[in-house]
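Reader: I have a model open on my screen and would like to learn how to read its features. Could you walk me through them?

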Amino acid sequence: MSDELGYEVNKNSPFGWKNFNFVISFPIRYENLFQRNSSFRELNKKLEYSIRKTGDEMNRVTNVQADMTDYKTHLSNAHFETLGNTVIELCREGMKNKHKFVICDMWGAIYKKDDWTKPHQHWPYTWSFTYYVKVSDKTSPLVFQNAIHPERHTPEAMPIQPKVGDLFIWPSIILHEVPKQVVDEERIMIAGNLMMDHIATEKFNYSEWKKHNQYK
Ligand SMILES: [Fe+2]
């Protein structure tokens with residue numbers, strides 16, 4: 001995760017063109033996995049157990065100011081891997097691309113009272129996601145920044161109050177945060193990042209590509 005890319009236009013910046021900025025249409029994929037397949041209710045119990053059992057491995061050194069498992073939990077936990085495979089399917093669905101996506105990072109977190117996440121984004125990954133294992137209507141929302149309101153057409157914060165089983169997939173470059181949790185309840189979730197497999201795994205070999213794509 002990185003917070004190096006700001007979204008405010010710096011009028012004195014040498015980078016840019018006459019203070020122009022871009023409004024780009026970004027999709028957010030939403031799906032409640034419990035409605036997609038009832039087997040996710042069982043998986044959800046296993047994910048919750050795994051996250052609790054693992055506990056905090058990151059000691060709050062990341063943007064996430066809550067108990068957090070390490071970034072590669074999908075490589076050590078079969079239930080995370082199962083969820084990851086569903087996310088991969090959903091990322092590929094509807095995309096006319098021969099390359100599939102792979103999970104590069106995946107972690108679980110337990111937020112309690114006063115826990116929060118700093119504003120940040122996940123560039124240079126392609127897709128990022130959050131899945132909600134245990135939440136209520138009082139636990140902290142996920143808040144995207146600089147969303148264009150459909151009626152007011154102005155950039156503003158867009159809070160999402162997730163339900164258990166909800167999965168959101170969005171372009172990794174979107175700035176987001178989790179405000180400090182007010183209630184004394186657990187908020188358990190999983191997040192992750194994806195990239196196309198040939199980039200993530202460096203299977204893509206430039207000299208091979210050049211051989212087959214000679215300039216004429
Ligand atoms: Fe994030």
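Author: Gladly! Let's begin with a pair of strands: E6 and E11 are antiparallel and share 7 bridges. Within this pairing, tyrosine 132 stands opposite methionine 189 in E11. Keep in mind that this is a predicted model.

Reader: Which strand does E4 pair with, and over how many bridges?

Author: The general idea is that strands of a sheet pair through backbone hydrogen bonds, either parallel or antiparallel. Here E4 pairs with E11 in the antiparallel sense, over 10 bridges. Methionine 189 of E11 turns up again, as the bridge partner of alanine 109.

Reader: In what order do the strands of that open sheet lie?

Author: The 6 strands follow the order E1-E9-E6-E11-E4-E3, with antiparallel pairing. Strand E1 (29-32) and strand E3 (67-68) are at the edges with a single partner strand each, so one side of each has no neighbour in the sheet. Further along the order, E6 also pairs with E9, antiparallel and over 5 bridges. In that pair, tyrosine 131 has leucine 167 in E9 as its bridge partner.

Reader: How many residues of E11 are buried?

Author: For E11 the count is 8 of the 10 residues, so this strand is largely enclosed by the rest of the structure. For the protein as a whole, 29% of the 216 residues count as buried.

Reader: Which helices lie across this sheet, and at what angles?

Author: H2 lies across E4, E6 and E11, and runs at about 95° to E6. H4 lies across E1, E4, E6, E9 and E11, with an angle of about 125° to E4.

Reader: Let me look at H4 then. What span should its 15 residues have?

Author: Helix H4 covers residues 78-92, and at 1.5 Å a residue it should span 21 Å; its end C-alpha atoms are 21 Å apart, which agrees.

Reader: And which residues of H4 are buried?

Author: In H4 the buried residues are His79, Phe80, Leu83, Gly84, Val87 and Cys91. These residues cover an arc of only 135° around the axis, which puts them on the same side of H4. The face turned away from that buried side carries the exposed residues Ala78, Asn85 and Glu89.

Reader: What covers the buried residues of H4?

Author: The cover includes two helices, H2 (39-54) and H3 (73-76). It also includes strands E4 (101-111), E6 (127-134), E9 (166-171) and E11 (187-196).

Reader: Back to sheets. What is the strand order of the open sheet of 5 strands?

Author: Its order is E2-E5-E10-E7-E8, and the pairing is antiparallel. Strand E2 (64-65) and strand E8 (155-160) stand at its edges; each has a single partner strand, so one side of each is left without a neighbour in the sheet. Inside the sheet, strand E5 (residues 116-120) is joined to strand E10 (residues 176-178) by 2 bridges. Histidine 120 has histidine 176 in E10 as its bridge partner.

Reader: I always check backbone torsions. Which peptide bond is cis?

Author: As background, most residues other than glycine have a negative phi, and most peptide bonds are trans. In this model the bond from tryptophan 123 to proline 124 is cis, with omega near 15°. Proline 124 sits in the loop between E5 and E6.

Reader: Where is asparagine 59, and is this residue buried or exposed?

Author: Asparagine 59 lies in the loop between H2 and E2. Its phi is positive, about 55°, although it is not a glycine. Asparagine 59 is exposed, with 8 other C-beta atoms within 10 Å.

Reader: What is phi of aspartate 114?

Author: Phi of aspartate 114 is near 75°, a positive value in a residue other than glycine. Aspartate 114 belongs to the loop between E4 and E5, and counts as exposed with 11 C-beta neighbours inside 10 Å.

Reader: Finally, what is the mean pLDDT of the protein?

Author: The mean is 87, and 84% of the residues reach 70 or more. Over residues 1-7, though, the pLDDT is below 50. Where pLDDT is low, the predicted coordinates should not be read in detail.

Key
Residues numbered from 1 in each chain as written. Predicted model: local features only at pLDDT ≥ 70, side-chain atom pairs only at ≥ 80, totals over all residues. Pairing = 2+ DSSP bridges. Helix = DSSP H or I, 4+ residues; strand = E, 2+ residues; numbered from the N terminus. pLDDT = per-residue confidence, 0-100. Contact = placed C-beta atoms within 7 Å. Expected span 1.5 Å × (residues − 1). Buried ≥ 20, exposed ≤ 12 C-beta atoms within 10 Å, placed from the backbone. Arc of directions from axis to C-beta. Axes fitted to C-alpha atoms, helices over the stretch in contact; angles between N-to-C directions.
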